[in-house]
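Student: I am new to this structure and would like to go through part of it with you. May we start with a sheet and then turn to a helix?

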Amino acid sequence: MHHLTLTPADNAALTPMLSELARAYKTIEEPGLIRRAPVLARLLPAHVLEFLEEYRLGEPSALCLISGLEIELEQLGPTPPHWRNSQYDSPALPQEIFFLLCASVLGDVFGWATQQDGRIMHDVLPIEGHEHYEIGSNSLQHLSWHTEDAFHPCRGDYVALMCLKNPDLVETVACDAGDLDWSALDVEALFESEFTQMPDNSHRPENASESTGDPVVDRLRRRSFALIQSWNDDPVKRPVLFGDRTDPYMALDPYHMKTEGWSERSLGAFQALCDQIEARMQDIRLRPGDCLFIDNFRAVHGRKSFRARYDGSDRWLKRLNITRNLRGSRAWRPAADDRIIY
């Protein structure tokens, strides 16, 4: 893992800068803050910028961890019971800003109209009634390992997690493609467009509010949900691997993949890949102040099950999606500077 621990001197320099920015903006979702983030990122310590740039360009690992960001747990208050409206009066706004600035070194943050009402920064927390859903707000069921938004052509290059609370040390799990023995796999079969990838449950309309109050946005969201439904009804065949055949990138989400109609060779190659991933999965116990960046081309990730208490003390993370090619989703966004994909 590519790992950097912030020092007391780092925190001493960061705290006043982050506090000043938190006073200037009401929420992490303010368009002005998100637009300025790549410029504001230059206020980060030089060695943090160099560390993130090495991760972005050198690909030393699929996993990048910045730990040691100071968080006063007593100031956070209780874990919210739901993500809706949790961005307002956030007690963690300074830490959210640090997370946003680090993410903006790697690329452009973006959101989905079909997830958490189009917010850029998501809350990852248990929601009562979701215990057995295959979705990030579940608890009693493992969140199966996957490429984030594997079904979508505009999926991010990175998915990032910042830990605010994790009192039970619930494990995030991940497998780095660099740990796989590609010589033992049928790589050519996995590069063929023979695999059906279905939309995951987090993009379903029941996980969004009925209306945003903006008729234009509501129309675009309805179009997005209709497109996702069409992909469920008539799945598109895609490759599982892409890029360099000797060191390939991956895009797979076995829980949401239908194997009916696959050839014997495709099925065997896919199962062998999944078996290797399972064998090489590693546990990551995020602690408050940890910011984990996962290369969404070079790793799959998930989470082990846990028992939520719903008493304000449960695990609470923030999540960002990051792309290195915002223009690649231009056909899916209302304007060139809009960060939400419809």
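Predicted model: local features only at pLDDT ≥ 70, side-chain atom pairs only at ≥ 80, totals over all residues.

Student: Which residue of strand 9 is the bridge partner of threonine 196?

Tutor: The partner is lysine 237.

Student: In what order do the three strands of that open sheet lie?

Tutor: The order is 9-8-12, with antiparallel pairing.

Student: Which strands stand at the edges?

Tutor: Strand 9 (237–238) and strand 12 (257–258) do. Each has a single partner strand, so one side of each is left without a neighbour in the sheet.

Student: Now the helix. How many residues does helix 3 have?

Tutor: Helix 3 covers residues 46–58, which is 13 residues. From its first C-alpha to its last it reaches 17 Å, close to the 18 Å expected at 1.5 Å a residue.

Student: Which of its residues are buried in helix 3?

Tutor: Val48, Phe51, Leu52 and Tyr55 are buried. Seen down the axis of helix 3, the buried residues fall within an arc of 90 degrees, so they line one face of the helix.

Student: Why would residues three or four places apart point the same way?

Tutor: An α-helix has 3.6 residues a turn, so residues at that spacing point the same way.

Student: What do the buried residues of helix 3 pack against?

Tutor: Their partners include strand 1 (2–5), strand 2 (63–67) and helix 5 (93–106). Strand 6 (158–165) and strand 14 (291–295) are also among them.

Student: And which residues are exposed on the other side of helix 3?

Tutor: Ala46, Glu50 and Leu57 are exposed there.

Student: What follows helix 3?

Tutor: Glutamate 59 follows helix 3, and its phi is positive, near 50 degrees.

Definitions and conventions. Residues numbered from 1 in each chain as written. Heavy atoms only, no water. Helix = DSSP H or I, 4+ residues; strand = E, 2+ residues; numbered from the N terminus. Expected span 1.5 Å × (residues − 1). Buried < 20%, exposed > 50% of the residue type's maximum accessible area, 1.4 Å probe, protein only. Arc of directions from axis to C-beta. Contact = heavy atoms within 4.5 Å. Pairing = 2+ DSSP bridges.
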